[in-house]
Amino acid sequence: MDKDQIVALRKSLQLSQAEFGQLFDAHAMTVSKWERGVLVPSAYQHALLQQFKRTADVKEEKSKQELKNLLVGAGVVAALVWLLNAGN
């Protein structure tokens with residue numbers, strides 16, 4: 001996971017550098033250094049980062065699918081209302 005992916009993951013989770021660091025037993029300054037490419041996470045931290053990314057990706061995809069289903073469902077309801085009102 002490169003520095004840009006670390007930044008993107010942290011931001012997608014809506015966490016500060018300090019909050020993000022707590023997940024990986026790292027100081028906020030360490031997270032800052034990861035994000036700038038000055039340091040790299042340990043093998044253990046990297047594995048955790050990868051798992052958080054996979055989980056975040058799955059949750060994001062699920063959220064997108066739920067929104068799509070909601071919009072499609074609302075479209076069906078709107079079409080039915082339009083059809084019912086068309087006869088008046």
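This is a predicted model: local features need pLDDT of at least 70, side-chain atom pairs count only at pLDDT 80 or more; totals for chains, interfaces and linings use all residues.
**Entry 1: terms and ground rules**

Residues are numbered from 1 along each chain as its sequence is written, and side-chain values use heavy atoms, with hydrogens and water left out.

**Entry 2: overall build**

I looked up the secondary structure and found 4 helices and 0 strands in the protein chain, where helices (H or I, at least four residues) and strands (E, at least two) are DSSP runs numbered from the N terminus. Read from the N terminus on, the order of elements is α-α-α-α.

For the overall dimensions, I noted that the C-alpha atoms fill a box of roughly 70 × 20 × 20 Å along the principal axes. The radius of gyration of the protein chain is 21 Å, whereas a compact globule of 88 residues would have one near 12 Å; the radius is taken over C-alpha atoms, and the globule rule is 2.2 Å times the number of residues to the power 0.38. Buried residues make up 19% of the 88 residues.

I also looked up the contacts (heavy atoms within 4.5 Å). Among those in the protein chain with a separation of 6 or more, 47% join residues 24 or more positions apart.

**Entry 3: helix H1**

I wrote down Ile6, Val7, Leu9 and Arg10 as the buried residues of H1. Seen down the axis, they fall within an arc of 165°, so they line one face of the helix; the arc is that of the directions from the helix axis to the C-beta atoms. Asp4 and Lys11 are exposed and sit on the face turned away from that buried side. The cover over the buried residues of H1 includes H2, H3 and H4.

At the end of this entry I recorded what follows the helix: just after H1, glutamine 14 takes a positive phi of about 55°.

**Entry 4: helix H3**

In H3, I found Val31, Ser32, Trp34 and Glu35 to be the buried residues. Their arc around the axis is only 160°, which puts them on the same side of H3. They pack against H1, helix H2 (17-23) and H4. Just after H3 I noted glycine 37, whose phi is positive at about 80°.

I then looked up valine 31 by itself: leaving aside neighbours within four places in sequence, valine 31 is in contact with Arg10, Gln17, Phe20 and Gly21.

**Entry 5: the nonpolar core**

I next looked for a nonpolar core, a set of buried Ala, Val, Leu, Ile, Met, Phe, Trp, Tyr and Cys residues joined through side-chain atoms within 4.5 Å. The largest holds 10 residues in all: Met1, Ile6, Leu9, Phe20, Phe24, Ala26, Val31, Trp34, Leu49 and Ala56. H1, H3 and H4 are the elements that give two or more residues to this core. As background, nonpolar side chains tend to be buried together in soluble globular proteins.

**Entry 6: salt bridges**

I found 3 salt bridges in the structure, each being a side-chain nitrogen of Lys or Arg within 4 Å of a carboxyl oxygen of Asp or Glu.

One of them joins the side chains of arginine 10 and glutamate 35, at 2.4 Å from N to O. Arginine 10 lies in helix H1 (residues 3-12) and glutamate 35 in helix H3 (residues 28-36), so this pair ties together parts that are 25 residues apart in sequence. Arginine 10 is buried at 11% relative accessible area, and glutamate 35 is buried at 12%. Not counting residues up to four places away in sequence, arginine 10 touches Leu15, Ser16, Gln17, Phe20, Val31 and Glu35.

Another salt bridge is formed by aspartate 57 and lysine 53, with the closest N and O atoms 3.0 Å apart. These two are 4 residues apart in helix H4 (residues 43-86), which means they are separated by about one helical turn. I noted aspartate 57 as partly exposed at 37% relative accessibility and lysine 53 as partly exposed at 27%.

In the pair of lysine 64 and glutamate 60, the side chains meet at 3.4 Å from N to O. They too are 4 residues apart in helix H4, so about one helical turn separates them. Glutamate 60, at 43% relative accessibility, counts as partly exposed.

Notes: Buried means under 20% relative accessible area, exposed over 50%, partly exposed in between (1.4 Å probe, protein chains only).
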